[in-house]
Amino acid sequence: MVGEPTSLFLYGDQSVAARSIRQAIYDGPYDVLNFDVSPVIWTEKPTLGNGDAQINPVEVSAGALIRDADGKLATLDQGVSYQPSGCTEASCAKKYEGSDPVKMDQLSVRFHLRPNLRWSDGTPLTADDSLYSYEVAKALYPQARADLIARTQSYQALDASTVEWRGIPGDRDPLYATNFFTPLPRHAWGGIQPQELSTAEISSRAPIGWGPYRIDEWTSGDHITLSKNPTYFRAAEGLPHFDRLVYRFMQNGAEALSALLAGECDFVDESAGLETQGDQLLQLQQEGKIAVQFETGTAWEHADFGIQSLNAQAQPLFQNKETRQAIATCIDRQKMATQLF
């Protein structure tokens, strides 16, 4: 891969390199296949159909945090527009008047962990580990999963294998099946302050997981070596297929491709940025030297301009419409699309 992670802590470095390595030590907790959530460490995906996801009326008092009729986070107060229980259209929204409680709908979701999940040190993985992950993310707010935390009314472990998420009244998140916090090992890290987890050796350099591999060594500037996790819950299926996995750090895509062609590595991941060399890759594939896998990206590439500068003394250049139009005029969108994609 191109680049080296600064930390493997779940809520730390979010680079492609860090996420790729974390996938070797954490399996899931869910995968997204064909735009649908597929459970990995749950017994099944929570849905309204199987009852693990529910929408129930609740009493909401003045001053409570809600999602208003416009879909924004708001405090229930005089003049705030809200959707009463059973209302899903703008036409039935009401404005809050007075001080009496009102009835609104609340979404709740339950996640059931598979049995026999274990951390790579042999300790059982429980719902409390997911709760601990939520507590860590909340302590680091807004660094980790800020939008989800802001919309969460409660997150609790109902028993050793069941986690329940409850949203704020009025929230109807269509992606509710992803409102699960990836477990972190409370038994190993519980004595460390959340703000220190990004740099603490035990959590940033050699975090334990429940996935197919565990970290053996990290040689800075060169590689990370992992070995098969004997407690992996899919070990009986003969997984993982490799006893040893090594991530090598390269300076750029050209170096990574050269290492692949020389047989020094078996796979080059997306961090190499080789998608801009599609013609060359296809030619090498036709010559039988490499195999190429293309995947269509789902990201929307865009440029954002802040109208109000964070620096109050700075000249507010982008408040001028003509400035923004001039920049847009200087962007050759067709050339970008042709050369990049």
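This is a short walk through the structure above, from the whole chain down to single residues.

The model is predicted. The protein chain has 341 residues, and 39% of them count as buried. Nine helices and 13 strands make up its secondary structure. Along its principal axes, the C-alpha trace spans about 75 × 60 × 40 Å. Take the contacts in the chain with a separation of 6 or more: 56% of them come from residues 24 or more positions apart.

Start with an open sheet. Four strands form it, in the order E3-E8-E10-E9, and the pairing is antiparallel. Strands E3 (53-60) and E9 (152-159) stand at the edges. Each has a single partner strand, so one side of each is left without a neighbour in the sheet. From one strand to the next, the twist averages 25 degrees. In general, strands of a sheet pair through backbone hydrogen bonds, either parallel or antiparallel.

Now cross the sheet pair by pair. E3 and E8 run antiparallel and are joined by eight bridges. Finally, E9 and E10 pair in the antiparallel sense over six bridges. Thr-152 stands opposite Gly-167 in E10. A hairpin through two residues joins E9 to E10.

How many residues of E10 are buried? Five of its six residues are, and the strand is mostly covered. A helix lies on this part of the sheet. Helix H2 (127-139) lies across E9 and strand E10 (162-167). The angle at which H2 runs to E9 is about 160 degrees.

The way into H2 deserves a stop. Thr-126 sits in the loop between strand E8 (102-112) and helix H2. Is Thr-126 buried, exposed or partly exposed? Thr-126 counts as partly exposed, because its relative accessibility is 24% and the partly exposed class lies between the buried limit of under 20% and the exposed limit of over 50%. Leaving aside residues up to four places away in sequence, Thr-126 touches Leu-113 and Ala-160.

Tyr-141 and Pro-142 are joined in the cis form, with omega about 5 degrees. Pro-142 lies in the loop between H2 and helix H3 (146-150). A cis bond also leads from Gly-28 to Pro-29, where omega is near 10 degrees. Pro-29 is in the loop between helix H1 (16-25) and strand E1 (30-33).

Asn-34 is not a glycine, yet its phi is positive, at about 50 degrees. Asn-34 is found in the loop between E1 and strand E2 (36-39). Phe-35 is in the loop between E1 and E2 as well. Phe-35 has a positive phi of about 65 degrees, although it is not a glycine. Where do these side chains stand in terms of exposure? Asn-34 counts as exposed, with 74% relative accessibility. Phe-35 is exposed too, with a relative accessible area of 74%.

The last stop is a pocket. The second largest pocket has a volume of about 340 Å³. Which residues lie nearest its centre? They are Glu-301, His-302, Ala-303, Ile-331 and Arg-333, out of twelve lining residues. Helices H8 (321-329) and H9 (333-340) each supply at least two residues of the lining. H9 gives the most, with four residues. By type, the lining divides into eight nonpolar residues, one polar and three charged.

Notes:
Residues numbered from 1 in each chain as written. Predicted model: local features only at pLDDT ≥ 70, side-chain atom pairs only at ≥ 80, totals over all residues. Heavy atoms only, no water. Buried < 20%, exposed > 50% of the residue type's maximum accessible area, 1.4 Å probe, protein only. Contact = heavy atoms within 4.5 Å. Pairing = 2+ DSSP bridges. Axes fitted to C-alpha atoms, helices over the stretch in contact; angles between N-to-C directions. 1 Å grid on protein atoms, 1.4 Å probe; cavity = no way out; pocket = protein on both sides within 12 Å on 5 of 7 lines; lining within 4 Å. Points joined across faces, edges and corners; volume = space filled by probe spheres on them. Nonpolar A, V, L, I, M, F, W, Y, C, P; charged D, E, K, R; others polar.
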